[in-house]
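Student: I would like to go through this entry term by term and hear what each label rests on.
Tutor: Then look at the sequence and the structure before we start.

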Amino acid sequence: MVSLSFTDVDGWLMASNRRSGNSEFFRMQQNQLKQAQREQRNAERAAAAAARDERAKYCASRRDEAERRTADVTRWVAILDGLLIEGIRRTARIDLQRFKRTFKPSTFDAGSLATPAQRPEWRHFEPAAPGMLSTIFGGRERHAAAVSRARRRFDDAMASWEAQERDRHQHLVQARAVFDARMAREQAECAEHNRQIDAEIEAFNERRRPSVERYCEQVLSRLLLPPDFPRRAEVAYNPDAEQVVVQLRLPGTDVVPTAKTSRYIQSGQNADTIVETKRPDSETKRLYRDVIAQVTLLAIRDLFDADEHLREVAFNGHVDSINPATGRQEYPCLISLDVERAAFEELVLDRVRPADCLPYLRARVSEHPYALKPIEPILVFDLSKFAFIEGLDAVSTLDHRPDLMQMGHGEFEHLVRQVFEAMGMQGWTTTSSKDDGVDAVVKNPDPFVGGVTIIQAKHYKNVVGVNHIRELAGAMEEKKAGRGILVTTSWFTSGGRQKAYEHGRMQLVDGQNLIFLIKKYTGKDVVISVKRPKNAASIDQPDLPED
């Protein structure tokens with residue numbers, strides 16, 4: 001049996017206690033470490049969940065954005081498809097009376113000048129009366145002196161108040177005069193404005209060219225089109241024919257969205273994109289052709305609707321563009337037509353297919369409008385603008401400028417030949433008895449673009465129609481001429497112009513354009529005393545003899 005001393009037992013107990021304490025401390029450390037690990041894992045899981053939620057929200061927003069883009073494109077295409085239908089639902093007529101102003105005078109407000117300053121009162125200056133005891137000991141004399149001093153202060157205050165009131169009244173009168181002058185000026189400006197409106201209405205009713213042109217330009221500026229569409233328009237008005245020639249800026253090709261749909265693609269954990277599905281080229285081109293056709297029809301409709309006197313609208317639709325080959329700004333014409341009211345009003349515009357309607361109206365339309373391939377306008381706007389201005393007061397100036405209608409037929413034919421000679425061509429006038437429908441022959445000496453052109457000169461007062469175009473075509477065939485020109489002192493029917501366009505090798509020069517050519521190439525100012533009657537029909541009628 002082993003015996004232990006008290007000292008050994010005590011040492012063992014102390015060592016045992018030390019070992020027990022270390023174990024407890026170790027367990028505590030382990031628990032703290034596990035708790036920290038649990039908290040870290042919980043935080044990581046929470047962060048991962050938050051990241052997943054944030055990513056889900058981001059992806060949802062991107063999907064919404066793709067859907068919104070698709071919806072925006074779809075809505076925009078619907079707007080483009082409905083331009084004409086939407087536009088014809090309202091009247092295009094402009095009530096010029098609505099531009100008048102009503103003068104409403106203001107009420108004069110004097111402000112602080114309306115309130116006078118407080119008038120001094122003697123009671124505020126008068127000293128108190130002396131008492132009985134004060135009177136015995138000289139108070140009466142002192143009171144009299146005080147009253148005298150108070151009287152002087154009161155008089156000074158009254159003088160100051162009166163000066164202040166005079167100044168206030170003076171400023172009040174001046175303010176009233178300024179107000180009355182401003183009211184009179186505003187009333188006069190309102191009256192002058194209304195007088196100008198009345199003058200504009202009178203000029204429009206009398207069919208004066210500048211007023212009608214301004215009115216029509218206002219009509220075109222108010223076309224019911226999306227805000228970003230161009231509205232630049234120029235108008236030339238021919239009062240004799242009740243015709244306007246319009247040059248309107250059409251929307252560019254960028255008006256048609258090239259994307260059809262958009263969809264969101266998530267290609268990786270942190271990679272994504274919105275991909276646009278391209279609209280087929282054929283659909284893009286068709287949509288653009290339809291848009292410019294709708295704008296054209298809406299512009300013509302609005303002009304006829306706004307001005308009941310108009311009988312004919314010649315329209316040229318252009319687009320601003322930059323030639324990629326030259327980098328220069330160009331203004332190609334994509335649509336040109338000349339239509340009379342009677343023919344246009346036969347259309348049921350809310351049922352037509354705009355792109356099909358233009359060929360029905362015998363319009364010239366670019367074969368490739370989306371490529372901005374230009375066409376030759378039926379009527380050149382700049383030429384028409386000049387011609388209409390020059391011919392406006394022709395009858396009243398007969399004493400100062402030669403009248404072509406006073407010429408003989410032979411002299412007129414020589415004049416026409418000389419005009420083309422002045423343009424740089426070689427010309428000959430034919431013998432009247434053997435001309436076979438040819439009044440003159442001109443030749444361009446250029447070896448590359450030259451050739452023989454025959455000219456017919458119609459010294460007429462009446463309309464020139466389809467029969468004359470057929471006559472020129474027959475003469476061209478008979479003489480094997482490359483081109484033919486028909487010149488007249490009167491005007492052409494729309495059917496005649498269309499027939500010449502269909503032939504392809506003819507050019508028509510009416511009386512107004514002839515005035516322009518004579519002025520440009522010979523420097524001579526002439527007039528033609530031919531007035532198109534207001535009730536003259538512009539359809540083709542049996543041709544009347546002029547001899």
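The dialogue below sets computed values against the cut-offs behind the labels.

Student: What kind of model is this, and what pLDDT does the protein chain average?
Tutor: The model is predicted. The protein chain averages a pLDDT of 83, and 82% of the residues score at least 70. Over residues 431–436 the pLDDT is below 50, and this stretch has four contacts in the model beyond near neighbours in sequence. Over residues 535–547 the pLDDT is also below 50, with 27 contacts beyond near neighbours in sequence. Where pLDDT is low, predicted coordinates should not be read in detail.

Student: What does the secondary structure of the protein chain come to?
Tutor: The chain has 12 helices and 14 strands. Of its 547 residues, 38% count as buried. Among contacts with a separation of 6 or more, 69% are between residues 24 or more positions apart.

Student: Why is N316 called buried?
Tutor: The label buried needs a relative accessible area under 20%. N316 has 2%, so N316 counts as buried.

Student: Where does N316 lie, and what does its side chain contact?
Tutor: N316 lies in strand 5, which covers residues 312–318. Its side chain makes a polar contact with the side chain of S336, at 2.7 Å. The cut-off for a pair of N or O atoms is 3.5 Å, and 2.7 Å falls within that limit.

Student: Are C59 and C357 buried or exposed, and how do you know?
Tutor: C59 has a relative accessible area of 4%, and C357 has 5%. Both values are under 20%, so C59 and C357 are buried.

Student: What makes A199 partly exposed?
Tutor: Partly exposed covers the range between the 20% limit for buried and the 50% limit for exposed. A199 is at 34%, so the label for A199 is partly exposed. A199 is found in helix 3, residues 132–205. The C-alpha atoms of A199 and S211 are separated by 9.5 Å, and the two residues are 12 apart along the chain.

Student: Why is the phi of R207 worth a remark?
Tutor: Most residues other than glycine have a negative phi. R207 is not a glycine, yet its phi is positive, about 65°. R207 is found in the loop between helix 3 and helix 4 (209–221). With a relative accessible area of 9%, which is under 20%, R207 is buried.

Student: What is the phi of R362, and how do you know that R362 is partly exposed?
Tutor: The phi of R362 is near 60°, a positive value in a residue other than glycine. R362 is found in the loop between helix 7 (354–360) and strand 9 (364–365). The relative accessible area is 45%, between the limits of 20% and 50%, so R362 is partly exposed.

Student: Where does UniProt place the feature "coiled-coil region", and what does the model have there?
Tutor: The unreviewed UniProt entry places "coiled-coil region" at residues 26–54. In the model, residues 26–54 are 100% helix and 0% strand. The end C-alpha atoms of this stretch are 41 Å apart.

Key: Residues numbered from 1 in each chain as written. Predicted model: local features only at pLDDT ≥ 70, side-chain atom pairs only at ≥ 80, totals over all residues. Heavy atoms only, no water. Buried < 20%, exposed > 50% of the residue type's maximum accessible area, 1.4 Å probe, protein only. Helix = DSSP H or I, 4+ residues; strand = E, 2+ residues; numbered from the N terminus. Polar contact = N/O pair within 3.5 Å; in protein donor to acceptor, adjacent residues only side chain to side chain. Contact = heavy atoms within 4.5 Å. pLDDT = per-residue confidence, 0-100. UniProt positions renumbered as here; feature names shortened; annotations may be inferred.
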